[in-house]
Amino acid sequence: MRHLPLALATALGCLGMWAGGVQGRIERQVPGDPYAVGYSARGLLIDGQPRVLTAGAIHYPRSTPDMWDSLMKKAKRGGLNTIDTYVFWNMHERTKGTYDFATDRANLPLFLETAKKNGLFVVLRIGPYVCAEWNYGGFPQWLRHEKDVVFQTYSKSFMREMKRFVGKVVDVARPHLPEAGGPIIAMQIENEYGDHQWWFGKDGERYADWCGETAASFNVSVPWIMCRQYHRVEGVIPTQNDFYCDQYLAKFHREYPDFPDMWTEMWPAWFQRWGEAAPHRPIEDIAYAVAKWYAHGGTYVAYYMYHGGTNFGRTSGPFIQTSYDYDGFLDEYGLENWPKYLHLAELHRHLLENADFITGNPVPRAKQLAENKNVQAHIYGDPNAEYLAFIVNANAQDHVEVEFDGLPLKLHRWSVTLVRRGANDLQPTVLYNTAHLSHAVRQAQKRPAGFKRISGHDSSILKTDTIKWRSIELPDPDEMPIVDDHPYEHINVTDDQTDYMWYHTTVKVPKACSASGSDRTLVLENAGDVMTVYFDQKFSDMKYGRQDRLATFAFELPKDAVSASSDTLDITIMSQTMGMAHNQRHMESYSRGLLGRVLLCGHDITKGKWYMKSGLEEAQDDAAPVAHGLSAIWHPYTAKSQKAASSSRGRMRWYAIELDAQALLDSDKESGASTDNDNDNDNDADENFPRYAIDMSSMTKGQLWINGHHLGRYWLRRAPERKNYKPCQVCDFGGWFWPDNVCRQRCGEYSQQYYHLPRSYLQLPSEQSPSARNFLYVLEEVSGDPAEITVARRVSVAPPVHEQPEHGTRPAILSLVIHVCIFAAVAGFAGLLVSAYRKYRARQGYEPIAEQEQQGQGPEPAPAAASE
């Protein structure tokens, strides 16, 4: 057999290596092909192998389905391999026994399929209590009406309904389990129960054990977890939630030596309430906490939140903003928060590239490197050969210089340095330091994301010259359906189908109201959340409480409230909820409205004749403006009506504003806003579209819809001024972070001025519908000028240079090898063609003379030449 030409041999060798590599990659596609999940002390096991898992929370109801693919692609490029999400009971079973797992943002199966398509695992946190700053913590409103129910304890009616719903979710999830090639690798039952269990005593312990038994009864192929669970529950992995969690691991290893270390909620910032300055956590501190977790033995971390999203509709908890941005790695609109995204992506890359060191070795004993006990090395592997080391300087103020394995190191305060030594390395290499920011990260910090106004007084986008409006009249007592001798509790009347409830009473004015120097006030004791009072049909004031606490409100009587011609006073009260409690004990008895005494000039008027009504008008649901449409009762918004609106503060009004989608698209083209950043080569459609917001700074407080989609509540409340608020003045990543004490941003500004306008909620012009119309509906509760409402574009510009190649970027040496292989292949196959051609000629009798001579078949050789 002849030897192959060198070029061909090289080419086939290259082809073999490539094919072998491809075979290794596609032989087991997980998720995709069936696989198995288990756990050990060194991590969750995928097909028997422990894995380092980097996860991020993305809640499917807080973004639209057309965003999910883009969010997951960006999460994967940011170094994540797992998505974490809660399951929201009141999203899926709004009416008892009627389930929705298919409509719009409730489409959990589509969310799971999207994760699988992107090669991401999923940890499905069923709960069904979720907290999450979500309305009622995820519990459906009807649950509070079950007989003898007590939430989250050994209550038969509660456990019956909880088990039924969890079972339904498990059924929905089964096609997405590992044996079907699905992405789900763990499920959670209950949520942070350790913070509540002690309150219920023995019944709390019985309930926690019941949760474990119930989870086991579903016989699924993945482990169950319970976060912040301090009481041992058989067969369930307890996990951690906090700003830092490495401090819990020593005790955890003693008590649970066979369980993996899982951090289910790493809080990279915090949520925001109306009127608060924006929370922010320094990226150096986030990286420090995560690296220290892995140094102490961790194998799983999940950022809560990676993408926060939007509290659409009325889904937010009490006084929680519509924006749930959470200062996440991906902002509310799905764009990269570049400093945080890049700095942690680099850490994730090093952790995943060196995962075998972490999962393939026992948790090391810390080695002290300096006199200060806060400087330690955690070495995974052989310190004398090959290893990955985490060098921790836990000093909040002091830099420290040490020598490690012959390498001099200057350790930044409050930092972790990753050092690796390979088997053939002469000295170790510094991979990463949590306090060192790359050039790209520093550049990104100088160019934060923002909003760019794309509509103005020319009415090109919002047709403010054709605004329609109408007032919401105070209810007629004779038409209010509930009459009794005392005010009713708010939520039992509205059943949480609306924020609003009316109260009305007519009282005889006490003489004390006319006395000189008397207390001329209406006092509402133990009331909540927001109270708006009208005296004799005239607006008095709006007052509100704080968070989920009841408050006492006092309203001054106007001087003309008591006239000589009348000794009675009409009192109309609009009670309003701002989201139901998400984190309380005994949430089944959560109450709002007028709960205490009602005092007028010091006299108790609680007992009397009270008229009550749920909702503003006849409509109760979130699509109220659609039901009303643009009927004859709407009026053109003119300069005269604008003046009337400003003079009638407190009179609630509807506004309908047409949005010109074609003008919006034309504006995008003119501005060149075709992609969210110029460095993104992904062809995913959602990644290439601009992100929109409604600027509501000209209004005061209310709710917002687009084409029947409830965008949420709006409220223009300013955060404290920096000079008056210490958390706005201090931001240092040295020392333990707490969001109420440091690093608050956008001080003195509106806590939320812009409201997410998802592109998928717009009716865009098409061949089938060239004249599609879009209507923005605004319910204003106080006052404002709708003609000044504008549309803005969210802008986030990627840093121009990445110091590290993005995941999937081909190294230069690999490119060189590939080019050599291609050249060799071409040359090799050319040689084969030439050889084949020669054989063909030989068979036809045209064998070249040179080859005939070589084979001894040519003419007789010529006489040899005489030697010199």
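Angles under 35 degrees count as roughly parallel, over 145 as roughly antiparallel, 65 to 115 as roughly perpendicular and the rest as oblique. All views show a predicted model, where local features need pLDDT of at least 70 and side-chain atom pairs count only at pLDDT 80 or more, while totals for chains, interfaces and linings use all residues. Numbering starts from 1 along each chain as its sequence is written, and side-chain values use heavy atoms, with hydrogens and water left out.

**View 1. Helix 9 and helix 10 side by side.** The two axes come within 10 Å and cross at roughly 20°, so helix 9 and helix 10 are roughly parallel to each other. (Axes are lines fitted to C-alpha atoms, for helices over the stretch in contact, and angles run from 0 to 180 degrees between N-to-C directions; helices, H or I of at least four residues, and strands, E of at least two, are DSSP runs numbered from the N terminus.) On the helix 9 side, look for Ile283, Glu284, Ile286, Ala287, Val290, Ala291 and Tyr294, which meet Pro339, Lys340, His343, Leu344, Leu347 and Leu351 of helix 10; contact here means heavy atoms within 4.5 Å. The contact residues split into 10 nonpolar, 1 polar and 2 charged. (Ala, Val, Leu, Ile, Met, Phe, Trp, Tyr, Cys and Pro count as nonpolar, Asp, Glu, Lys and Arg as charged, and the others, Gly among them, as polar.)

View 2. Strand 14 (residues 387-393) and strand 17 (residues 415-421) are joined by 7 bridges, and Phe390 sits opposite Leu418 in strand 17.

**View 3. The Cys513 to Cys601 disulfide.** The whole structure holds 3 disulfides, a disulfide being a pair of cysteine sulfur atoms within 2.5 Å. This one joins Cys513 to Cys601, S to S 1.9 Å. The torsion about its S-S bond is about 115°, so the disulfide is right-handed. Cys513 lies in the loop between strand 22 (500-508) and strand 23 (521-528), and Cys601 in the loop between strand 29 (598-600) and strand 30 (603-604), so the pair ties together parts 88 residues apart in sequence.

Definitions and conventions. Pairing = 2+ DSSP bridges.
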